[in-house]
Amino acid sequence: MRYFLILFLIFFGSCARSPLKKIEKSMRKAEETPAFTDSLSKDTFFTTLRKHIDVMRSTTLVKNPMIFGEKKIDKNQYISALEKIFEHENDWTDYISKNFDFYEVYGKDSWGEILATGYYEPKVKGSRTFSTQFNRAIYSRPTDLVSIDYKAFGIKPLSVLGRLHNNIVSPYYSRKEIDEDQKLKGQNLELAFLDPLDAFFIQIQGSGIVELENGEVLHVGYDSQNGYPYVAIGKFLKDVIPEDKMSMRKIRDHLKTLPKNVQQNILNKNPSYVFFKKIDTAALTYTGMEVSPGRTIATDKNFFPKGALAFLDIEEPVFNTIDDIEPTSWIKRPRVVFDQDTGGAITGGGRVDLYFGQGEEAARKAGVMRHLGRLYYLIPR
């Protein structure tokens with residue numbers, strides 16, 4: 001669904017483990033079965049499960065076989081195991097714990113341990129036309145953006161995005177070239193015009209809802225990206241925002257205080273740029289499934305199987321009032337999740353991104369979510 005899910009990922013110290021390089025090492029059978037509970041509603045699980053299975057049957061983005069470390073499972077066999085859960089709606093958590101094995105992921109610093117962050121779907125104001133208030137376009141995918149499949153040539157990286165001009169492929173336009181130099185102007189690619197910060201943050205999340213001045217509501221979802229690596233701009237603001245207090249809200253509030261040219265210079269530190277398409281449904285994940293608040297996760301597709309069921313043992317932030325920027329406490333909220341998404345900043349064997357939903361409340365939680373937890377994949381016995 002989206003390419004960039006995290007704006008403010010700040011790395012805490014050095015990793016005690018070597019980076020995960022082989023999919024065979026991505027997970028192992030857990031030495032101890034975790035205390036298995038689900039803190040969300042049963043209805044959200046079964047609603048998501050039905051939609052999840054329906055898409056799994058048709059999409060090619062859920063690979064066959066599904067790979068869980070050294071273990072491979074036929075996709076249809078896995079779907080059949082998920083279908084059987086419907087026969088045990090009254091005791092579904094007990095059924096899963098008795099009929100699925102728990103595989104712990106490679107982890108951040110140890111097996112099973114992950115750094116959990118959050119993403120959401122923004123709701124922003126916008127216009128079909130350029131104005132003083134709405135002066136930054138969000139674009140659909142340009143026709144000269146091409147992808148080269150290096151895999152066909154046996155070369156790494158597997159693919160690269162670039163610009164085709166006069167039969168020559170060169171790097172595509174950067175954020176600065178698109179936003180400031182207006183390289184895409186006049187190509188009729190503008191989907192809407194937003195406030196510059198809204199345009200930036202909606203790209204970070206990879207989808208959004210634009211409420212237009214005429215009352216129309218425009219849903220946009222991730223379509224493509226310009227090929228540049230993601231750069232978290234939070235690292236350039238450590239002198240004004242303490243590392244342990246870094247959040248999307250604080251980054252945004254600080255950017256609002258800056259002159260427009262200084263603000264844009266900071267945004268340009270992230271050269272990556274996302275292109276959108278109009279969608280008629282809720283935001284879609286990488287695999288084409290609709291996102292499910294609290295149930296959809298994004299992981300590195302190079303190591304973890306899309307379409308898989310998993311158990312995420314995490315804490316969520318708690319705010320006393322709607323005006324609070326920082327959480328007053330954290331509450332344990334374990335749940336069964338669906339690996340449906342991926343993201344440019346979600347890489348390696350110890351990262352997971354949890355979808356929180358739409359709007360301000362989801363934004364507040366996602367904005368401060370940077371917590372250690374544990375992740376287990378569920379494999380039918």
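In this note, helices (H or I, at least four residues) and strands (E, at least two) are DSSP runs, numbered from the N terminus. With that in hand, here are some points on the structure, which is a predicted model.

1. Asn-167 is not a glycine, yet its phi is positive, at about 65 degrees. Its relative accessible area is 77%, so Asn-167 is exposed, the cut-off for that being over 50%.

2. Asn-166 lies in the loop between strand E9 (159-165) and strand E10 (168-170). Its phi is near 55 degrees, again a positive value in a residue other than glycine. Asn-166 counts as exposed because its relative accessibility is 61%.

3. Which peptide bond is cis, with omega near 5 degrees? The bond in question runs from Asn-64 to Pro-65. You will find Pro-65 in the loop that links helix H1 (42-58) to strand E2 (66-68).

4. Now to the chain as a whole. The protein chain has 8 helices and 21 strands. Along the principal axes, its C-alpha atoms fill a box of roughly 60 × 55 × 45 Å. A compact globule of 381 residues would have a radius of gyration near 21 Å, and the 21 Å of the protein chain therefore agrees with that.

5. Of the 381 residues, 53% count as buried. Taking contacts between residues at least 6 apart in sequence, 80% join residues at least 24 apart.

6. How do H1 and H2 pack? Helix H2 covers residues 75-84, and its axis lies 11 Å from that of H1, at an angle of about 160 degrees. Angles over 145 degrees count as roughly antiparallel, and H1 and H2 are therefore roughly antiparallel to each other. Their crossing is left-handed. On the H1 side, the contact is made by Leu-49, Arg-50, His-52, Ile-53, Met-56 and Arg-57, and on the H2 side by Lys-75, Tyr-78, Ile-79, Leu-82 and Glu-83. Sorted by class, this contact has 6 nonpolar, 1 polar and 4 charged residues.

7. Helix H5 (residues 196-205) and helix H6 (residues 248-256) have axes 11 Å apart and pack at an angle of about 155 degrees. That angle makes H5 roughly antiparallel to H6. The crossing of H5 and H6 is right-handed. H5 brings Leu-197, Asp-198, Phe-201 and Gln-205 to the contact, while H6 brings Met-248, Ile-251, Arg-252, Leu-255 and Lys-256. By class, the contact of H5 with H6 has 5 nonpolar, 1 polar and 3 charged residues.

8. Finally, is Tyr-95 buried or exposed? Tyr-95 lies in helix H3 (residues 92-99), and it counts as buried because its relative accessibility is 13%, with under 20% as the cut-off. Leaving aside neighbours within four places in sequence, Tyr-95 is in contact with Lys-84, Ile-85, His-88 and Phe-100. Tyr-95 and Asp-339 are 244 residues apart along the chain, and their C-alpha atoms are separated by 20 Å.

Technical notes. Residues are numbered from 1 along each chain as its sequence is written. This is a predicted model: local features need pLDDT of at least 70, side-chain atom pairs count only at pLDDT 80 or more; totals for chains, interfaces and linings use all residues. Side-chain values use heavy atoms; hydrogens and water are left out. Axes are lines fitted to C-alpha atoms, for helices over the stretch in contact, and angles run from 0 to 180 degrees between N-to-C directions. Angles under 35 degrees count as roughly parallel, over 145 as roughly antiparallel, 65 to 115 as roughly perpendicular and the rest as oblique. A crossing is left-handed if the near helix is turned anticlockwise from the far one by less than a right angle, and right-handed if clockwise. Contact means heavy atoms within 4.5 Å. Ala, Val, Leu, Ile, Met, Phe, Trp, Tyr, Cys and Pro count as nonpolar, Asp, Glu, Lys and Arg as charged, and the others, Gly among them, as polar. The radius of gyration is taken over C-alpha atoms; the globule rule is 2.2 Å times the number of residues to the power 0.38. Buried means under 20% relative accessible area, exposed over 50%, partly exposed in between (1.4 Å probe, protein chains only).
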